[in-house]
Amino acid sequence: MSVSRDMLITPLQTEAAEECLRRNIPFVLYAMPGQDTCRFMASLPNSDGECRHSHTDNADSFFISRFIADEPYMAGISHDMDEGGIIDFIASCPDVKGAPSAELPYLTSTRRISYNQAFEGMTRRLKKEGGKVVLSRHESIFTTRHLLDSALDYFSSSPSTFRYLTYTPETGIWLGATPELLLETDPHSGEIRTMALAGTRPSDTEESEWDTKNLMEHGVVVNFISDILRSHHLKVDTGGTQEITAGAVTHLCTPITATGTVNDITAIINDLNPTPAVAGFPRDKAISEIDYFETHQRRCYSGIVGVHESNEWHVFVNLRCAFTARATLDGAEGWLFNIYAGGGLMPDSRLDDEWDETDRKMSALRSTLSSSSSAVTVNPTKAKILY
Ligand SMILES: C=C(O[C@H]1C=CC=C(C(=O)O)[C@@H]1O)C(=O)O
């Protein structure tokens, strides 16, 4: 099911986002899972022409952070804008000292040989010691398709995900549609909701049973999340494991709720993040192997992304996403994307299956970027990034 294209991003929101992209003003367009309207927020410049983009506890804000930032870093964007506010914003947008992001996308994709080597190194240890590590890769694609068109299509084809397009000077431009909830608070019931999302197979499989590798991979995440919540003295209730389909892949998903007195919600978020669904288990060992074997920086892929609005937290794991920047290739203007995906390795993982899994996880965004009459190039080594 996909929602109506017209409803998701209004023409005014598109115009405002384009203005922000032109002027390097931090902004976000986002839609909550199941919603068919987007919210637009931007960090307006202060009287010195500088954009405020720090997170404050009271204002509604969007945040995005890197995978295992030393300090849990949040780029907040406040100032929600309704349609009237957007008109004023576009009309009066003062000159800002917006800086382009210092980070640049990779021109080439993760090489198969590098992925294979990382796989061999990680599974060699897993076979001896057990555990789990999530190995990721990225694919570099240049497209002449306009960014806002791509975002609109990607949003409308993934209605049950948290969808966003954002720019901050710290992170650059990111586009994503993630199915994975890290944590959500409900001030009415006092409940915390989360999920274990791990274990993947093709959505067109004819198998009825899940294999042991996927069931165990999933179980590691259920146990980890439950243990963290219990360590915060919360009562944990684990629902039945379900299947959820996201494009070409189906995942195992166990909803988890926690109740009790929450003294410090950000401490719970920081303890949960990253879960073994994106890092592995034991966590520290998995993170150091990711650091050692992966040949790219994950940047914001598999970090957290979400909103703090009306005193509620909606925190997601940043999956099915891409980092992008304006670029040219052979005289054509377009966008250079690094699409990221990973998969959990267990001692009995098979190399080709894992590679194919990441391919399927990237496929929805890849086909969005290639649709209509846009010219698309994979590994655009001659692309030039525009500032
Ligand atoms: C790490 C990713 O997916 C996670 C979420 C669902 C299933 C996963 C898996 O089966 O490996 C991963 O844990 C990704 O999409 O890049």
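Trainee: How many residues surround the ligand?
Mentor: Remember that this is a predicted model, in which local features need pLDDT of at least 70 and side-chain atom pairs count only at pLDDT 80 or more, while totals for chains, interfaces and linings use all residues. Residues are numbered from 1 along each chain as its sequence is written. The closest are Ala198, Thr200, Ala277, Gly342 and Gly344, and the number surrounding the ligand is 17.

Trainee: Which strands each supply at least two residues of that shell?
Mentor: Strands (E, at least two residues) and helices (H or I, at least four) are DSSP runs, numbered from the N terminus. The strands asked for cover 132-143, 191-202 and 332-345. They are E5, E9 and E17.

Trainee: Which strand forms a hairpin with E16?
Mentor: Strands pair if DSSP finds at least two bridges between them. E16 (residues 321-329) is joined to E7 by 4 antiparallel bridges. The hairpin has 2 residues between its strands, and Asp330 in the turn has a positive phi of about 50 degrees. With 8 bridges, again antiparallel, the partner is E17.

Trainee: How are helices H5 and H9 oriented to each other?
Mentor: Their axes, lines fitted to C-alpha atoms over the stretch in contact, come within 9 Å and cross at roughly 140 degrees; angles run from 0 to 180 degrees between N-to-C directions. Under 35 degrees counts as roughly parallel, over 145 as roughly antiparallel, 65 to 115 as roughly perpendicular and the rest as oblique. H5 and H9 are therefore oblique.

Notes: Near = placed C-beta within 6 Å.
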